[in-house]
Amino acid sequence: METVSQSIQGIPLNHYILLSAIIFTIGVIGVLIRRNAIIIFMSVELMLNAVNLLLTAFSVYWGDASGQVFVFFIMALAAAEVAIGLAILTMIYRNTNSTDINILNRLKW
Amino acid sequence: MLLINLVWLVPLFPLVGFLINGLGRNVLPKGVIGFIGSLSILLSFIVSIGIFTELNASDIKSFYIPLFDWIHTAAVKVPFAFQIDPLSSIMLLIVTGIGFLIHVYSIGYMKLDNGFGKYFSYLNLFIFFMLLLILGSNYVVMFIGWEGVGLCSYLLIGFWFTNPSFATAAKKAFVMNRIGDLGFLIAIFIIFATFGSVEFGDVFMQAAKMESGNTTLLWITMLLFVGAIGKSAQIPLFTWLPDAMAGPTPVSALIHAATMVTGGVYMIIRSNILFTLSPVTLHLVAVIGIITAILAAAIAVSQTDIKKVLAYSTVSQLGYMFLGLGVGAYTGALFHVITHAFFKALLFLCAGSVIHAMSNEQDMRKMGGLKKKLPITFVTMMAGTLAISGIPPFSGFFSKDEILAHAYEQSPLLWVIGVITALLTSFYMFRMLYLTFYKGFRGTQEQEHHLHESPATMTIPLVILAILAVFGGLIGIPEVFGGHHWLAGFLAPIFEHPGLVIVAETPMNHSTELILMAVSVGGAIIAALYAYSRYVKGSHIPAVDGSSRDLLSKLSYNKFYVDEVYEFIIGRPLNALSSFFYKIIDKGAIDGFVNGLGKATSEGSKVLRLLQSGNVGFYIFMMITGIVALLVYGFYNI
């Protein structure tokens, strides 16, 4: 019976790299051009998960589990980040009635 | 040997006196302060007498009393130890004895001064350091004393520091002494590098094996001599001593006449073997000594300030001592130190008594006729004047003629200049005496009304010192008068080194010696008579400031412009250099750089802060640009 790693290795490595690159780029562009803080958050998550995907793929091809261990770390980190980030966002929304980041331009010289 | 082993008591008493008076200066009544200050010195004096008699009775003439290990490392060992030998025991007697008299005198002299407690604590501290200088058994302990007396001298010259010119005089004394001290310090370093020890015993024992004229010894002695020049006010560092008269008069008597300024002479006598093995230095010492003697005497003849006359006289007499050292008459030099301590302390204290009576007037042109009002002061000052002028049988005669006789053996020229100096000495001293005590009073009515003889605390020391000044010469009656020169016999052990005995006394033809003495005494008497005819018979009074003078008297009156010359060749260039460094280097370059750095940062920040626009999108964009830039950099460089 086919194992999970064999089925992952059924797809050439280049495909994973390409897919990850595309998702990561989408994330970057999302962060850069969107003004809604929630969307930016989601874009950040996209970037994180693109990296997770790549780590897993490499880990399997390399035959070393440590890449996958890192994925768990990144997930935990992302969860913590979202918890704090969303809390901040809620406070921003309470104060400004909006999630547009361009309103938050008072912290400057 | 009980007291010799208790020698640490001698400096301990003044130190305790210093601590009590220093801490209680505002609390204790003046009577108590004066009592403690004088008592501490008296106790030291009593112990010193005991030490002296024990040493005199003992067969061993050199005692080494270690107190504790001061510096103790593998390479350097400096014990804190004292040495008792004929030289230090005699100096102990002089310092504590005269010190005690001057402390007693000060009780009367400083009675009305607000800084009474401070004064006595400084004076006790001075005695403490002076005793360290004398007792130290190595150059380092001697150097502690050497620096300490310099400090006390500074403090006491500037005792009335609210007067800016007094404060300047103190500073001048300190700076000039520092120049000499540096020479002494370097000499100690070289001594340590050469002999591996700074103990007198070790150094002299090793030095005795060296050849005469050794280059290292030349350097050591030259640098030691630089130290002596600074401390003992010889050319070219003598100008601080006349200015040091800014201090209270008893201080001038104790520090700037009797004790501290003879420190240089003491140090050279102590190092006699080093100097004897370095004839070049000895010649230099003699030349510097004789030039100082005659130059200072020539200045003294036209001074009008009573203390300035005595100050230049001190410089001149110190010049005699160095002449004695330079011609190898170490005993004669020490003899003159002793007699000079008696009569110069006496003269200064008499001058103090006069100044006290004259309500702080020091200008002799405003004195005169004090003979009747100040009889004790007059008689004692007459004794001092006769002693310093070298009239037999007063003390100065014996010591001065011993030095002159040795100078004659070395070179008749030195003797001729020495005799001329003796004539000048006699002239200016009698001039001072006549201007002060004879003819009519020239001061104001108020001063005349206020004239009075000083209190007993001041006159008793005067009388004791006068007796010493008259009879002090008896410790060294030369063979020509049938004496056996007790002092020379007593001091002989300090000139005996293993394998080398320094003998200055070459038997001199007695008739030659008598002729030499007759010439100098005759000259001194003629000079005194000339002063009498000029100032008493002729009623001559020194011209007021600013009146025209002929060239010689102008040179003398203006102290040969030495201060001005120093100002021109050292002061001005140094000032110019300092102001160059201040204005160009410090203000321009260093401040410019530091301020420029600050200004550049602040101006740059003004531009850069505009980047912080508050626009979150822009921040993110910059962040990503940065990350990309880093990646690109890493990609192309690794």
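Two residues are in contact here if their C-beta atoms, placed from the backbone, lie within 7 Å. The model is a predicted one, in which local features need pLDDT of at least 70 and side-chain atom pairs count only at pLDDT 80 or more, while totals for chains, interfaces and linings use all residues. Residues are numbered from 1 along each chain as its sequence is written, and chains are lettered from A and ligands numbered from 1 in the order in which they are written. Helices (H or I, at least four residues) and strands (E, at least two) are DSSP runs, numbered from the N terminus.

**Chain B as a whole**

- Chain B contains 26 helices and four strands, and its C-alpha atoms fill a box of roughly 115 × 65 × 55 Å along the principal axes.
- Of the 638 residues in chain B, 50% are buried, where a buried residue has 20 or more other C-beta atoms within 10 Å of its own, an exposed one has 12 or fewer, and a partly exposed one falls in between, with C-beta atoms placed from the backbone.
- Among contacts in chain B between residues at least 6 apart in sequence, 81% join residues at least 24 apart.

**Helix pair α3(B) and α5(B)**

- The axes of helix α3 (residues 30-57) and helix α5 (residues 116-135) of chain B come within 9 Å and cross at roughly 5 degrees, the axes being lines fitted to C-alpha atoms, for helices over the stretch in contact, with angles from 0 to 180 degrees between N-to-C directions.
- α3(B) and α5(B) are therefore roughly parallel to each other, given that angles under 35 degrees count as roughly parallel, over 145 as roughly antiparallel, 65 to 115 as roughly perpendicular and the rest as oblique.
- From α3(B), B:Lys30, B:Ile33, B:Gly34, B:Gly37, B:Ser40 and B:Ile41 meet B:Phe116, B:Gly117, B:Phe120, B:Leu123, B:Asn124 and B:Ile127 of α5(B).
- By class, this contact of α3(B) with α5(B) has six nonpolar, five polar and one charged residues, with Ala, Val, Leu, Ile, Met, Phe, Trp, Tyr, Cys and Pro counted as nonpolar, Asp, Glu, Lys and Arg as charged, and the others, Gly among them, as polar.

**Helix α23(B)**

- Helix α23 (residues 510-537) of chain B has 28 residues and reaches 38 Å from its first C-alpha to its last, close to the 40 Å expected at 1.5 Å a residue, where the expected span is 1.5 Å times one less than the number of residues.
- Buried residues of α23(B) include B:Leu516, B:Val521, B:Ala528 and B:Tyr535, and the buried residues of this helix pack against α17, α18 (395-410) and α19 (412-437) of chain B.
- Just after α23(B), B:Ser539 takes a positive phi of about 50 degrees.

**Backbone exceptions**

- Most residues other than glycine have a negative phi, and most peptide bonds are trans.
- The peptide bond from B:Ile235 to B:Pro236 is cis, with omega near 5 degrees, and B:Pro236 sits in the loop between α9 (215-231) and α10 (240-243) of chain B.
- A cis peptide bond also runs from B:Pro392 to B:Pro393, with omega near 0 degrees, and B:Pro393 belongs to the loop between α17 and α18 of chain B.
- A:Asn97, in the segment after α4 (66-96) of chain A, has a positive phi near 60 degrees and is exposed, with 9 other C-beta atoms within 10 Å.
- B:Lys439, in the loop between α19 and α20 (445-450) of chain B, has a positive phi near 60 degrees and is partly exposed, with 18 other C-beta atoms within 10 Å.

**Two loop residues of chain B**

- B:Thr259, in the loop between α11 (249-258) and α12 (263-270) of chain B, is buried, with 28 other C-beta atoms within 10 Å.
- Not counting residues up to four places away in sequence, B:Thr259 touches B:Val95, B:Ile98, B:Met130, B:Leu254 and B:Ala341.
- B:Lys373, in the loop between α16 (330-357) and α17 (375-389) of chain B, counts as partly exposed, with 17 C-beta neighbours inside 10 Å.
- Leaving aside its neighbours within four places in sequence, B:Lys373 is in contact with B:Ala357, B:Leu451 and B:Glu453.

**Chain A and the interface**

- The contact between the chains takes 12 residues from chain A and 10 residues from chain B, and the chain A side divides into seven nonpolar, two polar and three charged residues.
- An unreviewed UniProt entry places the feature "transmembrane region" at residues 15-33, 40-63 and 69-93 of chain A, in the numbering used here, with feature names shortened and annotations that may be inferred rather than shown by experiment.
- Residues 15-33 of chain A are 100% helix and 0% strand, with end C-alpha atoms 27 Å apart.
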